Amino acid sequence: MGEEIKQARVLVEQAVALIANQAGDDRVGERIHDAVEAPDQMGVDQAKVRGALALIDQPGENARATAQARTLLLAAIGGRLPGAPTAGPALGTDTGTSVILDEFRPARGISDGGDVALLVLAVAAIAAGLYPARRWRPPHTIHELERSAAPKGTR
């Protein structure tokens with residue numbers, strides 16, 4: 001595929017990205033293990049990386065342990081991702097950010113009081129529109145008016 005990455009900082013950044021994208025503890029563990037064994041350890045706190053590896057290597061997938069591992073990995077590289085842009089505008093392939101956000105998964109259905117209030121307001125707005133439409137509608141339908149206006153021989 002390509003040559004193997006030799007910088008621990010880059011491998012730690014990739015591990016953080018894998019955690020954010022929920023790639024699974026096996027893939028994250030492999031990347032952290034590669035970071036521990038990387039020849040270029042400049043700018044990486046190995047104690048924190050090893051602590052993150054211990055959390056990821058625990059049996060079973062544990063979201064809390066994975067979140068703690070992510071915190072440790074970010075702390076191991078000084079809290080700033082190596083690929084973070086320098087001052088100035090983002091150019092070319094730079095993203096202009098050093099933040100890797102978790103995946104956004106909004107709740108489905110009615111999940112809290114705000115959703116209930118919004119549903120009640122929507123039903124009230126529909127009722128408020130239907131009531132005057134029903135209350136002040138014309139007394140005759142268009143069909144009845146056409147029949148009464150038509151000449152007597154065409155009915």
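**A charged pair and its surroundings**

Mentor: Asp45 has a relative accessibility of 31%, so it counts as partly exposed. The model is predicted, so keep that in mind throughout. The cut-offs matter here: buried means under 20%, exposed means over 50%, and partly exposed lies in between.

Now take the partner. Asp45 forms a salt bridge with Lys48. The closest N and O atoms are 3.9 Å apart. The rule asks for a side-chain nitrogen within 4 Å of a carboxyl oxygen, so the pair qualifies. Side chains of opposite charge can pair when their charged atoms come close. Lys48 is partly exposed, because its relative accessibility is 31%. How many salt bridges does this rule find? The count comes to 1.

Next, look at Gln46. It sits in helix α3, which covers residues 46-56. Is Gln46 buried or exposed? Gln46 is buried, because its relative accessible area is 17%, and the cut-off for buried is under 20%. Set aside residues up to four places away in sequence. Gln46 then touches Ala35, Val36 and Gln41. One of these, Ala35, also belongs to the α2 side of a helix contact that we reach below.

Follow α3 to its packing partner. The axes of α3 and α4 come within 8 Å. They cross at roughly 165°. Angles over 145 degrees count as roughly antiparallel, so α3 and α4 are roughly antiparallel to each other. Their crossing is left-handed. On the α3 side, the contact uses Lys48, Val49, Gly51, Ala52, Leu55 and Ile56.

Helix α4 has another partner. It covers residues 63-76 and packs with α1, residues 8-20. Their angle is about 150°. Their axes are 10 Å apart. Again the angle is over 145 degrees, so α1 and α4 are roughly antiparallel. The crossing of α1 and α4 is left-handed. Val12, Ala15, Val16, Ile19 and Ala20 come from α1. They meet Thr66, Arg70, Leu73 and Leu74 of α4. These residues divide into 7 nonpolar, 1 polar and 1 charged.

α1 passes α2 in a left-handed crossing. From α1 come Ala8, Leu11, Val12, Gln14, Ala15, Leu18 and Ile19. From α2 come Arg27, Val28, Arg31, Ile32, Asp34 and Ala35. The classes are 9 nonpolar, 1 polar and 3 charged. Note Val12, Ala15 and Ile19 of α1.

Gln7 is partly exposed, because its relative accessible area is 40%. Leaving aside neighbours within four places in sequence, Gln7 is in contact with Ala38 and Asp40. What is the C-alpha distance between Gln7 and Met42? It is 7.8 Å, although the two are 35 residues apart in sequence.

One stop lies further along the chain. Ile110 is in the loop between α4 and α5, residues 113-135 for α5. Ile110 is exposed, because its relative accessible area is 55%. Beyond residues up to four places away, Ile110 touches Asp115, Val116 and Leu119.

Finally, step back to the whole protein. The secondary structure comes to 6 helices and 0 strands. Along the sequence the pattern reads α-α-α-α-α-α. Of the 155 residues, 20% are buried. Take contacts between residues at least 6 apart in sequence: 57% join residues at least 24 apart.

How values were computed
Residues are numbered from 1 along each chain as its sequence is written. This is a predicted model: local features need pLDDT of at least 70, side-chain atom pairs count only at pLDDT 80 or more; totals for chains, interfaces and linings use all residues. Side-chain values use heavy atoms; hydrogens and water are left out. Axes are lines fitted to C-alpha atoms, for helices over the stretch in contact, and angles run from 0 to 180 degrees between N-to-C directions. Helices (H or I, at least four residues) and strands (E, at least two) are DSSP runs, numbered from the N terminus. Angles under 35 degrees count as roughly parallel, over 145 as roughly antiparallel, 65 to 115 as roughly perpendicular and the rest as oblique. A crossing is left-handed if the near helix is turned anticlockwise from the far one by less than a right angle, and right-handed if clockwise. Contact means heavy atoms within 4.5 Å. Ala, Val, Leu, Ile, Met, Phe, Trp, Tyr, Cys and Pro count as nonpolar, Asp, Glu, Lys and Arg as charged, and the others, Gly among them, as polar. Buried means under 20% relative accessible area, exposed over 50%, partly exposed in between (1.4 Å probe, protein chains only).
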